[in-house]
Structure formats: structure tokens, C-alpha cells
Amino acid sequence: AVAACRGDGLLLSIADPLAPVVLQRVRDPAVAFWHSGILDHTGSTVVFQDELGDGFINTCSPSFGADRGADAAWRIQPDGLVKAGTFKLPRAQSDLEKCVAHSGGLVPVPDRFVIAQAWLEGGVSVIDFTDPAAPVELTWFDRPDYGYSMDYTAGIWSVYPYRGHLYASDMYEGLEVLRLTDPVFADAARYDDTGL
């Protein structure tokens with residue numbers, strides 16, 4: 001298992017779920033707020049989200065650099081976690097918007113590591129991390145900004161895939177339901193979740 005613990009990321013053994021053991025604790029000067037982690041199908045790669053600024057500012061800006069407020073991919077090697085690459089929202093957002101990597105989930109595409117990622121007012125990305133050193137955004141969704149700065153965190157808090165759809169929780173607009181239509185997502189729509 002992995003855990004994002006604000007100041008660091010953890011790799012855990014949960015062979016005994018009642019007595020988890022920390023195998024490795026990692027810190028990265030590029031990551032300010034380890035928010036959450038998503039494992040691939042095989043447990044060989046994890047993507048951690050950096051919630052830089054606690055969601056109160058626009059960190060989807062070139063001024064913050066390409067590695068901060070981003071997704072960081074780490075390979076799980078026999079000797080522990082090794083950083084492999086990063087992905088940051090490629091569309092600059094207005095400084096009226098709060099934008100940072102936030103909660104997401106694994107899109108069940110066989111033989112690939114695809115995630116859905118929330119960016120608050122930056123919208124939603126679907127990113128292929130199959131090659132964690134060169135992640136690719138497959139598609140995205142974003143609303144126009146509100147036209148003024150919200151006093152508090154706003155936008156899409158989380159996005160989770162389920163049977164070919166993405167369910168995105170927008171803090172002001174309500175629930176966004178997005179359908180994945182590209183043939184690459186056909187298996188995600190047919191995903192058999194009876195074992196969950």
C-alpha cells in the first residue's frame with residue numbers, strides 16, 4: 001500500500017492488514033503537500049498528488065515550475081520508491097482560479113496505467129502514466145472560470161471512474177458526469193466490478 005502523509009509519502013507492507021509496516025518514507029523538495037496516491041494495476045508504479053497551496057491559490061501557473069503542484073510518478077523497485085517523472089496541467093489557468101492536483105482514481109484500461117485527475121478550477125485530466133517518465137494527457141474537461149475569485153477553495157474536488165464514466169464533484173456546480181467515448185476506454189466501460 002501507499003499513503004500520502006502531507007509531508008512525505010509512505011510505502012507500506014499490508015501483508016498483515018492489522019499490523020501494517022512502513023517499508024519506506026520518502027520526501028521530495030518538489031512536493032509541498034503529499035495529498036493522495038494512486039497505484040497501477042500491478043502495484044509497480046504509484047502517482048502521488050502535490051496539493052501545493054492547500055487549494056487556495058493557482059499553482060497551475062508557469063511561475064510555480066513544472067514539478068510543483070503536479071502529479072509525481074514513482075516506480076516501486078526492490079530497494080524502494082524511485083521517482084520516474086511528473087505531470088502538470090498543461091493549460092495555464094487564470095489567477096482568479098484555484099488550481100492544483102487533487103483527488104483522482106485509476107481508470108481500468110488493461111495493460112496501461114491511466115488515471116483521472118481533479119485539478120480544482122483546472123478541471124479534470126485523464127492521463128496515461130504507462131511510461132511514468134513521459135506521461136500523456138489523453139483528454140480533459142474544464143469549465144469556464146467563475147469570472148471572479150472565490151473566497152474559498154472551488155472547482156472539482158475529486159473525480160472517480162466507474163463503468164466508462166467519470167464522476168466529478170464540483171464544489172459549487174454540483175456533480176459532473178463525464179462519459180469516456182474514445183475506443184481506448186471501451187474496456188473501462190465493460191469493467192467487471194463484481195469482485196470489489
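I'll start with the inside of the protein. The largest nonpolar core has 15 residues, and V107, V124, V159, L166 and F185 have the most contacts inside it. A nonpolar core here is a set of buried Ala, Val, Leu, Ile, Met, Phe, Trp, Tyr and Cys residues joined through side-chain atoms within 4.5 Å. Buried means under 20% relative accessible area, exposed means over 50%, and partly exposed is in between, with a 1.4 Å probe and protein chains only.

Before going on, the ground rules. This is a predicted model, in which local features need pLDDT of at least 70 and side-chain atom pairs count only at pLDDT 80 or more, while totals for chains, interfaces and linings use all residues. Residues are numbered from 1 along each chain as its sequence is written, and side-chain values use heavy atoms, with hydrogens and water left out.

At least two of its residues come from each of β9 (114-118), β10 (124-128), β12 and β13. Its largest share, 3 residues, is from β9. When I say strand or helix, I mean a DSSP run, numbered from the N terminus: E and at least two residues for strands, H or I and at least four for helices.

What does V107 touch, leaving aside its neighbours within four places in sequence? The list is H41, V114, I115, A116, P161, L180, F185 and A188. Contact means heavy atoms within 4.5 Å. Another core lies apart from the largest one; it has 13 residues, including I38, I115, W119 and F129. As background, nonpolar side chains tend to be buried together in soluble globular proteins.

Now the sheets. Strand β13 (residues 165-170) is joined to β12 by 6 bridges; two strands pair if DSSP finds at least two bridges between them. Within that pairing, Y160 stands opposite Y167 in β13.

There is also an open sheet of 3 strands with the order β1-β2-β3, again antiparallel. Why is one side of β1 (2-4) and of β3 (21-26) left without a neighbour in the sheet? Both stand at the edges, and each has a single partner strand. The twist from one strand to the next averages 25 degrees. β2 (residues 9-13) pairs with β3 over 5 bridges, and S13 stands opposite V21 in β3.

Next, the cysteines. The whole structure has 1 disulfide, defined as a pair of cysteine sulfur atoms within 2.5 Å. C60 is joined to C99, S to S 2.0 Å. C60 is in the loop between β5 (45-50) and β6 (71-77), and C99 in the loop between β7 (80-87) and β8 (104-107), so the bond ties together parts 39 residues apart in sequence. The S-S torsion is about -75 degrees, so this disulfide is left-handed. C60 is buried at 2% relative accessible area and C99 is buried at 0%, while C5, at 34%, is partly exposed.

Last, confidence. pLDDT is the predictor's confidence in each residue, from 0 to 100. Its mean over the protein is 89, with 98% of residues at 70 or more. Confidence is lowest in helix α1 (residues 186-189), with a mean of 81, and highest in β10, at 97.

Terms used:
Axes are lines fitted to C-alpha atoms, for helices over the stretch in contact, and angles run from 0 to 180 degrees between N-to-C directions.
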